[in-house]
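Reader: I would like to go through this structure by question and answer. Please keep to what can be computed from the atoms.

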Amino acid sequence: MTTTPVAVQSSEPIVDEAGSRRAAELALQSEDVTRELTERRYEVIGVGSAATGRDAEYPLVIIYDYTENLAVEVAVDLDAGAVREVRRRRYQPQLSASEERRAIELVRQDGRLSAHGSDLESGSGILVEDVDFRSPRHGHRLLDLRFGPRTRRLPSAFAVVDLTDRDVVRAGPVPGAHGGAS
């Protein structure tokens, strides 16, 4: 196999943590955003950047709307203290730390993994998708969490959490772990 080096240009975030907080505040105070999110359950997922031309880049606030299962992207001009653009897009943005903590708390409350002696503090997860368009969970924000003792490389328990409906879909031992079903 032949490989070719790829030139990579590193870039710094366009705003620091304080700028990210300010961008989120401006987005949530905007009438356009307020109108988009009225009577909906939502969370600010994070702040990235959006190019709006060759030389213009603005903070992009990503808000997840759990009611409609879509992302609301808000481009903010910090210098002007204004929202430049609001878009609703159907995709799953990156998982936030607070979502992962909330999912682990739902697993604790559910109790099914307590019986397996799982270390619920070790939970980490990835977003997954229900691809069956007939499923009531299709399009929902689903998180597949894995748990184990921290001393083991492979997880011994799992839970699939629906953050849209705020419930645990499935939970139990990982098949094959600790002599579980295969």
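Reader: Which residue just after helix 3 takes a positive phi?

Author: The model is a predicted one. Helix 3 covers residues 97-110. Just after helix 3, at a phi of about 85 degrees, comes Gly111.

Reader: What distance separates the end C-alpha atoms of helix 3, and what span should its residues give?

Author: Helix 3 has 14 residues, counted at 1.5 Å a residue. The expected span is taken over one less than the number of residues.

Reader: Which residues of helix 3 are buried, and what arc do they cover around the axis?

Author: The buried residues of helix 3 are Glu99, Ala103, Ile104, Leu106 and Val107. They lie on the same side of helix 3, because the arc they cover around the axis is only 155 degrees. On the other side of helix 3 are the exposed residues Ala97, Arg101 and Gln109. To repeat the arc asked for, it is 155 degrees.

Reader: Which strands do the buried residues of helix 3 pack against?

Author: The partners of these buried residues include strand 6 (142-147) and strand 8 (167-173). The others are strand 1 and strand 7.

Reader: Which residues of helix 1 are buried, and which on the other side are exposed?

Author: Helix 1 (residues 17-29) buries Gly19, Ser20, Ala23, Ala24, Leu26 and Ala27. Their arc around the axis is only 165 degrees, so they sit on the same side of helix 1. The exposed residues on the other side of helix 1 are Glu17 and Gln29.

Reader: Which residue caps the N-terminal end of helix 1?

Author: The backbone nitrogen of Ala18 lies 3.3 Å from a side-chain oxygen. A polar contact requires N or O atoms within 3.5 Å. The residue that supplies the oxygen and caps helix 1 is Asp16.

Reader: Is Ala27 buried or exposed, and which residues is it in contact with?

Author: Ala27 lies in helix 1. Its relative accessibility is 0%, and because buried means under 20%, Ala27 counts as buried. Leaving aside neighbours within four places in sequence, Ala27 is in contact with Val33, Val61, Val74, Val76 and Val83.

Reader: What separates the C-alpha atoms of Ala27 and Glu85?

Author: Along the chain, Ala27 and Glu85 are 58 residues apart. Their C-alpha atoms are separated by 9.8 Å.

Reader: Where is Asp162, and which backbone nitrogen does its side chain reach?

Author: Asp162 belongs to strand 7 (residues 157-162). Asp162 has a relative accessible area of 0%, so it is buried. Neighbours within four places aside, its contacts are Arg137, His140, Arg141, Leu142, Asp167 and Val169. At 2.8 Å, the side chain of Asp162 reaches the backbone nitrogen of Thr164.

Reader: How many aromatic pairs are there, and what is the angle between the planes?

Author: With ring centres required to lie within 6.5 Å, the count is 1 aromatic pair. Tyr64 and Tyr66 form this pair, 5.1 Å centre to centre and edge-to-face. Both tyrosines are buried. The angle between the planes is 75 degrees.

Reader: What pattern does the protein follow along the sequence?

Author: The protein has 3 helices and 8 strands. Of its 182 residues, 38% are buried. Read along the sequence, the pattern is α-α-β-β-β-β-α-β-β-β-β.

Terms used:
Residues numbered from 1 in each chain as written. Predicted model: local features only at pLDDT ≥ 70, side-chain atom pairs only at ≥ 80, totals over all residues. Heavy atoms only, no water. Buried < 20%, exposed > 50% of the residue type's maximum accessible area, 1.4 Å probe, protein only. Helix = DSSP H or I, 4+ residues; strand = E, 2+ residues; numbered from the N terminus. Arc of directions from axis to C-beta. Polar contact = N/O pair within 3.5 Å; in protein donor to acceptor, adjacent residues only side chain to side chain. Contact = heavy atoms within 4.5 Å. Phe/Tyr/Trp six-rings, centres within 6.5 Å; stacked < 30°, edge-to-face > 60°.
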